[in-house]
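Trainee: Please show me how to read this model, one feature at a time. I would like the general idea and then the case here.

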Amino acid sequence: MIFYYEENLNKNHREKALQLSLNHYCRENRILGHQKQDSHNGFEIKKGEHGKPYIEEIKNLHFSISHSGHWWVCVVDNQPIGMDIECIQHRGGPENLRFRDDSRAQVRGCHLEPSPVADRLVMDDLEPSPTRGLRIAERFFAPNEIRYIKGGGDFYEIWTRKEAYVKYTGRGIAQGLDTFSVVDDNNCLVEKIGEVYFGKAPIEITNNFCSPKQTGQYKGLCIKLSEIWG
């Protein structure tokens, strides 16, 4: 299931939105064990070696979170999954990307984790440059992806797919964004990497998710949180 919220949420409300999403998924799918959650704080969220959040008590409950602009999205499933969104209208185009020196790399919407890349990729409307998106691609992306963007391909389509995939693997940006490609040798976007498929949620924002399931299984399972938020 994919849950989304279209208004700005502060940290406390984002945590509440996650608990609401997890609860709703467990009830709808009759997952045993969700009654074990803390009655005051909800599910206990832990983090793996590279910072990927998980729930230890329920092995078949997986989720991935992303937020951008005023959008917040969470995908929940019974298998590992990764999700990324980008509110392009809010953030501007890839020409508005810049680098900030940091020893940690941000995986948007979830957590911070160590990275061999000593920069943090951030959006910034204060430093416009028509070639900045390509410069980022040339520094961090795989050769096929660089060629795709040079040919006029959508930078954010590549970016959201790559973030979704590293969230799925749980290794984050530390995995190295140039160690895999979401574009094939024919300059086409790949439908899957190995046995992992890419898909899109039917919401009005640039997004991609990554799952072992065929993407068609997610159609019709998008829930607007404002409609179930008590």
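**Reading the model together**

Mentor: Let's begin with one backbone angle: just after H1, Arg30 takes a positive phi of about 50°. Helices (H or I, at least four residues) and strands (E, at least two) are DSSP runs, numbered from the N terminus. This is a predicted model, in which local features need pLDDT of at least 70 and side-chain atom pairs count only at pLDDT 80 or more, while totals for chains, interfaces and linings use all residues. Residues are numbered from 1 along each chain as its sequence is written, and side-chain values use heavy atoms, leaving out hydrogens and water.

Trainee: What is the average pLDDT of the chain, and where is confidence lowest and highest?

Mentor: pLDDT is the predictor's confidence in each residue, from 0 to 100. Here the chain averages 79, and 74% of the residues score at least 70. Confidence is highest in helix H4 (residues 143-150), with a mean of 96, and lowest in strand E8 (residues 104-107), with a mean of 32. Over residues 98-120 the pLDDT stays under 50, and the model has 72 contacts (heavy atoms within 4.5 Å) for them beyond four places in sequence. Residues 122-130 are also below 50, with 24 contacts in the model beyond near neighbours in sequence. Where pLDDT is low, the predicted coordinates should not be read in detail.

Trainee: How many helices and strands does the chain have, and what share of its residues is buried?

Mentor: There are five helices and 14 strands. Buried means under 20% relative accessible area, exposed over 50%, and partly exposed in between, with a 1.4 Å probe and protein chains only. By that rule, 52% of the 230 residues count as buried. Among contacts between residues at least 6 apart in sequence, 58% join residues at least 24 apart.

Trainee: How do I read a helix such as H1?

Mentor: Start with its span; the expected value is 1.5 Å times one less than the number of residues. H1 (residues 11-29) has 19 residues and reaches 27 Å from its first C-alpha to its last, close to the 27 Å expected. Next, look at the ends. A polar contact is a pair of N or O atoms within 3.5 Å; within protein, one must be able to donate a hydrogen and the other to accept it, and residues adjacent in sequence count only if both atoms are side-chain atoms. At the start of H1, a side-chain oxygen of Asn10 comes to within 3.1 Å of the backbone nitrogen of Asn12. Then check burial: the buried residues of H1 include Leu18, Leu20, Leu22 and Tyr25. Strands E1 (2-5), E4 (62-68), E5 (71-77) and E14 (222-224) are among what covers the buried residues of H1.

Trainee: And how does one read a sheet?

Mentor: Strands of a sheet pair through backbone hydrogen bonds, either parallel or antiparallel. Two strands count as paired if DSSP finds at least two bridges between them. In this model, an open sheet of four strands has the order E6-E13-E12-E11, with antiparallel pairing. Its edge strands, E6 and E11 (192-193), each pair on one side only. Helix H5 (residues 155-169) packs on this sheet and touches E6, E11, E12 and E13; its direction makes about 150° with that of E6. For that angle, axes are lines fitted to C-alpha atoms, for helices over the stretch in contact, and angles run from 0 to 180 degrees between N-to-C directions.

Trainee: Which residues stand opposite each other along E13?

Mentor: Five bridges join E6 (residues 82-86) to E13, and there Asp84 stands opposite Asn208. E12 (residues 196-199) pairs with E13 over three bridges, with Gly199 partnering Phe209. A hairpin of six residues joins E12 to E13. Five of the six residues of E13 (residues 206-211) are buried.

Trainee: Why is H5 described as largely enclosed?

Mentor: Because 14 of its 15 residues are buried, H5 is largely enclosed by the rest of the structure. At its start, a side-chain oxygen of Asp154 reaches to within 2.9 Å of the backbone nitrogen of Tyr156. Just after H5, Gly170 takes a positive phi of about 85°.

Trainee: Is Asp77 buried or exposed?

Mentor: Asp77 is buried, at a relative accessible area of 3%. Asp77 lies in strand E5, and its side chain makes a polar contact with the side chain of Lys213 at 3.0 Å.
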